[in-house]
There are 2 protein chains.
Amino acid sequence: MGKDKEKQSIALKVPKGTKDWDGKDMVIRDKIFSTITQVFKRHGAVTIDTPVFELKDILTGKYGEDSKLIYDLKDQGGEICSLRYDLTVPFARWLAMNSSIQNIKRYHIAKVYRRDQPAMTKGRMREFYQCDFDIAGTYDPMLPDAEIIRITCEIFEALGWKGKYTIKLNHRKILDGIFQVCGVPTDKLRTISSAVDKLDKSPWEEVRREMTEDKGLDGEVADRIGEYCVRKGGRDLLDQLQKDATFTENQSAKEGLADMQLLFTYLDAFSVLDRVSFDLSLARGLDYYTGVIYEVITEGSAPQTKEGQEIQRTGKKEAKPNKHASNIDGDEDRSNDPTVGVGSVAAGGRYDNLVADFSKKQQIPCVGISFGVDRIFSITKQRLAADASAASIRMNEVDVYVMAFGGKGFEGLLAERMEVAKRLWDAGIKAEFSWKVKPKLPAQFKAAETNGVPFAIILGDDELAAGKCKIKEMGLPDGHAEKDGVLIEMANLETEVKTRVAQQAETLANGVNSMTLE
Amino acid sequence: MGKDKEKQSIALKVPKGTKDWDGKDMVIRDKIFSTITQVFKRHGAVTIDTPVFELKDILTGKYGEDSKLIYDLKDQGGEICSLRYDLTVPFARWLAMNSSIQNIKRYHIAKVYRRDQPAMTKGRMREFYQCDFDIAGTYDPMLPDAEIIRITCEIFEALGWKGKYTIKLNHRKILDGIFQVCGVPTDKLRTISSAVDKLDKSPWEEVRREMTEDKGLDGEVADRIGEYCVRKGGRDLLDQLQKDATFTENQSAKEGLADMQLLFTYLDAFSVLDRVSFDLSLARGLDYYTGVIYEVITEGSAPQTKEGQEIQRTGKKEAKPNKHASNIDGDEDRSNDPTVGVGSVAAGGRYDNLVADFSKKQQIPCVGISFGVDRIFSITKQRLAADASAASIRMNEVDVYVMAFGGKGFEGLLAERMEVAKRLWDAGIKAEFSWKVKPKLPAQFKAAETNGVPFAIILGDDELAAGKCKIKEMGLPDGHAEKDGVLIEMANLETEVKTRVAQQAETLANGVNSMTLE
C-alpha cells in the first residue's frame, strides 16, 4: 500500500511521531492485542478505561526527569489538562478515587503520549499503545509479583517468542542497599539510580562520568557501584549476595534479598525461572517503584554500533540516549540509526505508595507491567517479513462473494444478488456483492480474489429458474472435481454455505494457520 | 461500586465531561462494541486507526458553527495540533494521503473530543466514543447508501432494539431544492439549513424567529419552508413530491428525488424499508454532506418538557440547544434537565467532496454513518436496569478457582495450588487461586462466588495422597447429587475441567444468556 504524500496549501500529514494504522499492519496489531488480552483474561483480569487527558496536577511530580515530555492541552478556559504519559498513574488515581475497591486485577490497552524524539520503524513514537496489567491489593509477599512474571512469559510464548526473550529482574531495595553500602549520600539515591538505569544504553565509562562529573559523586563510590552493577545471573547471584556479610547487614538489602528468594521459589513453581536474569544494573527510570522491578528484552532491544555490533557496557562506542536528544522538534526520524535500539518490550515493577500519594485513605500496594505493543509489533512484522507468511494475511473476513453472470441481454440480477446477500447476512454469514447494476464476471472474481474470499455464490438466469445457484470454492487447482463449483438448491442456501465455511475453517485450523504469529 | 470522591491538596477527579469506565459498565460497553464490530465485519469492513490529534489545519473549516468546540493542544514548540472532533475528517485526510486506495469499507471505533456542555448520564460527554463505518469509492448510485442503512438496522437489531428505533432520512439536494423553490438566496442556503436542523430540538416558532430575525430571511420565505419541512412519511411523501410540478422543475430537487426513489427500491430489497422515515425537517448541522443524510432516533432521543412530555415542533416549550449553552465551563451537568434529550444514536450521510477538499488528485465519493456508543450505552443500561438482568453480568471470565483446605496443622498447600493453576493455564483454562500462603476455606469460596466463577478445584492432603482432587460446580442447589463436588484423578485434571466448562457453556448458550442485550 504505497503512500503518496502530497503538499497542498495545507500540509497533508499526521503530526510528528504519530502514524495511521491500516492494511495488514492493522490486522497484525489487532492479533497482538487479542493474544495479550486472552492471557490477561486467563488470569482473571477485568478492564477499565480512563480519559486520554487528566488534570495536569495529577501527572505532576510522577515522572522525574521525563516530565518535560508531557503533552499539555491549551488553556481554552476551565481546567488545565495534559495527555496521559502512561496508564499507571491514571490507574493509581482511579484507585484513590474509588475507596470501595480494595483489590483488583485490571488490564488496560490504550494510547499514551510522550513528546520524545521518534524512531518510527522501531516502534518509538509520540503516540503509542501500551498494554498494562496491574494487581492492586494486600496479599502475601511476592505472590502477585510471581504471577505477573508468569503472565509475561505466557504472553511472549503465545506471541511465538519462546527462547527469544529475557526478563531482567532486580529489586529497588537491593539497589538502595548497594548504593548505601557503597556510600552514596541519601539525597543522591534516586539521581544515581537514574544514572545506573542508562547502563543498557551507554557504556560504564559514560555512566561513571555522569555520576561523578554531572552529579558530584565521589569517584571511589562510583567504582564500588560499578563492581556491583555489572553482575547478573540467577539463583547463583542471589546466593553470592546472601553470603556478602557487609551487604546483608544493610536493612534494605536484606529485605530485598528475602523478597528475591521467595520470588525465585514461586517462579520455579510456575516453571518460568529459566526465563529470568537477575541483573543488578537494572534500575528503571521512574521514581515510584518500591520493590521488584523488571524489563523484558529481545533481539533488537539493545542499541548497536554503526557497524552492527551490539554496544557493550564496557565498550567505547557511545549510544545517544533517545530521551536526551537536543533537537526534539527537528525533522529527523532516528529509525535508521543503529545506535537507537528498540529498547525493552515490556517493563514494570512494584509501586506500593503511588495510590497513597493521591489519597492517604487508600493505602493499596500495587504491582504491574506494561507491554510496549508498538515495539512488539515492529519486531513481529520484521519476523513475518523474513518468513514471508505476511503474504497470506487477509485484510477482511468475508466468507462469500455473491456474483452473477449471463449472456447477451444480461441485466445484472441486482435484485437477486441483494436478496441472496440479505439471506446470508440474516444467517450471520459474512458476504459481499458488487455495487454495480451490471457487473462483469471477471471484475467480480477479481474483487473476491483480491480479498482472499474463500467462496463464491454464482447466480445465473437458468439456474435461478430451476431454483438453484452455484457455489464455488475459490482457488481450487485445475482438474479438481469441484473446480467449476457445484449446484445447490436456493432453498438450502444458508445451510449449504454454513457447512462449507465451517469445513474450511476446520481444515485451516488443523493445517497451517492463515496468519500465525508463531 | 460506590465512588468516594475526596478532595486532597490536589483535586482528585477526572476532567469535566470525561469519565472512568469500570465494573459492569465496562462489560456492557465492550459487549456493545463487539456486537457492532461483528456486523461491520459481516459486511466486509476493515479497520484503520488514526492519531488522537491532527494538525490543526486539517480540522479548520470542516465543522461550521461547531469549530469553537475543538480542543487544541498547547504550543510546546513544533506543530500546532488539535484533538480530533470526529472520525470522518481524519478518514478523509487518510484517503487523501493514500492515493493508491480507490475504494474501502472501513470501520473505526475510537474516542473523539468536543468542548461541549456535558450531560453525563445521557451519554453527552466531552470525551466519547464513536463507531464509524464509511464506504469510499465510485459505485452505481445509492447501492453503498442502501447497504449502510441495512447495516444500521442489523446493528440496532443485534442490540435488541427491534421496533424501538427509527431511521430519519432526507437528502441535501431535496433540501436545497426546497430552499431554492421557497426563495432562499443562494448565500443563505447553509445557514438556513442549520436553522432547520434545530427543528428536532426547538419548536417551529423559534426556528422561524432565528431565520427571520437572526439570519434576515423574508418572513414569507420562512413560512413556505415551514410548509415543506413539517412533512414526513415514506414512499407516499416521495410520490407527493414527485407530483409537485413547481418542485420537480428544480434541478437539485429532481436529482434528490431520483436518488430517493432508487434508495427506497433498494431498502425494500434489503427488507428494511419499514424502519425508515422520510423526514423533510432533517438537515444535519455539518457542512460537508452532499447527498442522502440520516439520523437514528429512539425513545429518549427527543428532549422533553419539564413535565415529561416530548417537546413537539408546534409546541410552545423551548428546549435549549446543548451546543449553544452560554456558560460552557460552568459546573452544572445537565443530566437531570428533561429538556436535554439523548439526541440521535447514530447519524451520517453522503459526502462526495470532502476528500477532494484535501487533495484535488483524490476525487473519492464517500458515504458513512457514526454510532454514538455512549448514548447507546446509556439507553442499554437503563433497559438492563429495568429488567434486572444486569445483576447476572459477570465481571471477569474465570472458569476455575483453585482452593485448598485441611484440618489442624494445615500448611495451605500453596505449591500444590500453584502447580494446579499452572497446569490449567498451560491448557488455556482461565483460573485463579488465593494469593495467601494459608487461606481459609470460606474466604476462598467467597472469592469464587463474588466473581461468579462456575467451578472450584478443591485440594486436600488425603485426596492428593491418593492422586485425586475434587471438582465442584458452584451454585448447585441443596440435594443435588454433585452438590459437594466429585473426585477426579489429578492425572486427568485438564480434560475433566475442559469437559465440564464446555458442557456448562453449551447449557448456557441454549438457555438464557448470562448477559443478553436483547
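B:Leu413 is buried, with a relative accessible area of 10%, where buried means under 20% relative accessible area, exposed means over 50%, and partly exposed lies in between, for a 1.4 Å probe and protein chains only. This is a predicted model, in which local features need pLDDT of at least 70 and side-chain atom pairs count only at pLDDT 80 or more, while totals for chains, interfaces and linings use all residues. Residues are numbered from 1 along each chain as its sequence is written, chains are lettered from A and ligands numbered from 1 in the order in which they are written, and side-chain values use heavy atoms, with hydrogens and water left out.

Most residues other than glycine have a negative phi, and most peptide bonds are trans. B:Leu413, however, has a positive phi near 50° although the residue is not a glycine, and B:Leu413 is placed in the loop between strand S12 (400-404) and helix H14 (414-426) of chain B. Helices here are DSSP runs of H or I with at least four residues, and strands are runs of E with at least two, numbered from the N terminus. In chain A, A:Met142 is another non-glycine residue with a positive phi, of about 70°, and A:Met142 lies in the loop between strand S5 (127-136) and helix H4 (143-158) of that chain. A:Met142 is buried too, with a relative accessible area of 4%.

## The chains as a whole

Chain A contains 17 helices and 16 strands, and 57% of its 518 residues count as buried. Among the contacts of chain A with a separation of 6 or more, 73% are made by residues 24 or more positions apart, a contact being heavy atoms within 4.5 Å.

Two copies of a chain are related by a rotation about an axis and a shift along it. Chain B can be laid on chain A with an RMSD of 0.0 Å by a turn of 180° and a shift of 0.0 Å along the axis, when the copies are superposed by least squares on the C-alpha atoms of residues with pLDDT of at least 70 in both. The two copies are therefore related as by a two-fold rotation axis. The same surface serves both copies, since 100% of the contact residues of chain B recur in chain A.

## The nine-stranded sheet of chain B

Strands of a sheet pair through backbone hydrogen bonds, either parallel or antiparallel. Chain B has an open sheet of nine strands with mixed pairing, in the order S1-S4-S5-S11-S10-S9-S6-S8-S7, where two strands pair if DSSP finds at least two bridges between them. Strand S1 (46-47) and strand S7 (232-233) stand at the edges with a single partner strand each, so one side of each is left without a neighbour in the sheet.

Strand S5 (residues 127-136) and strand S11 (residues 366-372) of chain B run antiparallel and are joined by seven bridges; B:Phe133 stands opposite B:Ile369 in S11(B), and B:Gln130 stands opposite B:Gly372. Strand S4 (residues 104-113) of chain B is also antiparallel to S5(B), with ten bridges, and B:Val112 stands opposite B:Phe128 in S5(B). Ten of the ten residues of S5(B) are buried, so this strand is largely enclosed by the rest of the structure.

S11(B) also pairs in the antiparallel sense with strand S10 (residues 346-351) of chain B, over six bridges. B:Cys366 in S11(B) is the bridge partner of B:Ala136 and likewise of B:Tyr351. Seven of the seven residues of S11(B) are buried: B:Cys366, B:Gly368, B:Ser370 and B:Gly372 point one way, while B:Val367, B:Ile369 and B:Phe371 point the other way.

## Two packed helices

Two packed helices are described by the angle between their axes and the distance between the axes. Helix H9 (residues 235-243) and helix H11 (residues 251-269) of chain B pack at an angle of about 155°, with their axes 11 Å apart; axes are lines fitted to C-alpha atoms, for helices over the stretch in contact, and angles run from 0 to 180 degrees between N-to-C directions. H9(B) and H11(B) are therefore roughly antiparallel to each other, because angles under 35 degrees count as roughly parallel, over 145 as roughly antiparallel, 65 to 115 as roughly perpendicular and the rest as oblique.

Residues of H9(B) that meet H11(B) include B:Leu238 and B:Leu241, and those they face in H11(B) include B:Leu257, B:Met260 and B:Phe264.
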